[in-house]
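User: I would like to learn how to read a fold from its strands and helices. Could you take me through one case, giving the general idea and then the example?

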Amino acid sequence: MRPLKKTSRYQRDPLDFYQEDPEPVLALLQVETFSGWVMDPCCGEGNIPSVLRAHGIRSDGADIVDRWAKSLAVGDFRQVLRFWRPDCVVSNPPYHCWEEIVDVSFESGASHVCLLLPFRRVEGIERRRFWARRPLARQWVSSERLIMRPSGKSSGKGEKKQECFSWFVWEAGHTAPVWQTGLLPLVRSVGHD
């Protein structure tokens with residue numbers, strides 16, 4: 001396993017836990033549709049399942065640490081996905097194991113996997129082998145830079161946006177070597193600039 005690098009301007013969380021705001025999840029719902037049961041196997045405090053549920057999508061979450069009272073399970077994503085076998089996976093995963101999450105999701109029967117990752121995850125000669133084996137169907141690039149903060153860190157005014165993120169979307173059976181790309185719509189929650 002590669003040594004973990006710092007991927008946030010915050011002190012590195014030992015479990016790679018960085019929380020997304022609701023906006024990128026709301027934007028995803030404007031460009032993707034979900035059928036069946038959706039799971040976030042790395043749900044943290046439950047933001048993704050909560051947003052999906054608020055929009056009428058059957059969704060649950062699990063995590064390796066008990067951070068969310070409504071979590072379906074506490075455990076490693078490998079066991080959680082293999083046991084629960086969701087129809088779709090939507091997650092902001094730990095960046096050191098996202099490729100394995102894609103593989104385990106499809107091995108467990110998922111038809112659709114959406115991961116919120118730094119845009120730069122498309123780069124790298126080593127990563128070309130992964131893209132050849134698991135070609136993307138779509139990539140939705142955030143229209144603005146996002147901040148992923150550790151739990152308990154508030155988003156204060158004047159906080160600088162961290163980096164460009166994208167929703168990486170895989171579909172079972174997709175084999176084309178090229179993928180669709182587009183910009184996510186801007187979605188602002190009440191109270192945000």
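Analyst: Let us begin with strand 2, residues 59–63, which is mostly covered, since five of its five residues are buried. This is a predicted model, and burial here stands for a relative accessible area under 20%.

User: Which strands pair with strand 2, and in what sense?

Analyst: The general idea is that strands of a sheet pair through backbone hydrogen bonds, in either a parallel or an antiparallel manner. In this model, strand 1, residues 38–40, pairs with strand 2 in the parallel sense over three bridges, and the bridge partner of Val38 in strand 2 is Ser59. Strand 3 also pairs with strand 2 in the parallel sense, over two bridges, and here Ala62 has Ala73 of strand 3 as its bridge partner.

User: In what order do the strands of the whole sheet lie, and which are the edge strands?

Analyst: Eight strands form an open sheet with the order 3-2-1-4-5-7-6-8, and the pairing is mixed. The edge strands are strand 3 (73–74) and strand 8 (180–183), each of which pairs on one side only. Helix 2 packs on this sheet, where it touches strand 1, strand 2, strand 4 and strand 7, and its direction makes about 175° with that of strand 2. Helix 3, residues 77–84, lies across strand 1, strand 2, strand 3 and strand 4, and runs at about 165° to strand 1.

User: Is Leu115 buried or exposed, and which residues does Leu115 touch?

Analyst: Leu115, whose place is in strand 5, counts as buried because its relative accessibility is 0%. Leaving aside residues up to four places away in sequence, Leu115 touches Ser91, Pro93, Trp98, Ile101, Val102, Ser166, Trp167, Phe168 and Trp170. For Pro93, the separation from Leu115 is 22 residues in sequence, and the C-alpha to C-alpha separation in space is 6.9 Å.

User: At what angle do helix 1 and helix 2 pack, and which residues make the contact?

Analyst: For two helices, one reads the angle, the crossing and then the residues in contact. Helix 1 (residues 22–31) and helix 2 (residues 47–54) pack at an angle of about 45°, with their axes 10 Å apart. That angle makes helix 1 oblique to helix 2, and helix 1 passes helix 2 in a right-handed crossing. The contact is made by Pro22, Val25, Leu26 and Leu29 of helix 1 together with Ile48, Val51 and Leu52 of helix 2; by class, these residues divide into seven nonpolar, no polar and no charged.

User: Which residues of helix 1 are buried, and what covers the buried residues?

Analyst: Glu23, Pro24, Val25, Ala27 and Leu28 of helix 1 are buried. Their cover includes helix 2, strand 4 (88–91), strand 5 (112–118), strand 6 (138–141) and strand 7 (165–171).

User: How many helices and strands does the chain have, and what share of its residues is buried?

Analyst: The secondary structure comes to five helices and eight strands, and buried residues make up 51% of the 193 residues in the chain.

Terms used: Residues numbered from 1 in each chain as written. Predicted model: local features only at pLDDT ≥ 70, side-chain atom pairs only at ≥ 80, totals over all residues. Heavy atoms only, no water. Axes fitted to C-alpha atoms, helices over the stretch in contact; angles between N-to-C directions. Helix = DSSP H or I, 4+ residues; strand = E, 2+ residues; numbered from the N terminus. Parallel < 35°, antiparallel > 145°, perpendicular 65-115°, else oblique. Left-handed = near helix turned anticlockwise from the far one by under 90°. Contact = heavy atoms within 4.5 Å. Nonpolar A, V, L, I, M, F, W, Y, C, P; charged D, E, K, R; others polar. Buried < 20%, exposed > 50% of the residue type's maximum accessible area, 1.4 Å probe, protein only. Pairing = 2+ DSSP bridges.
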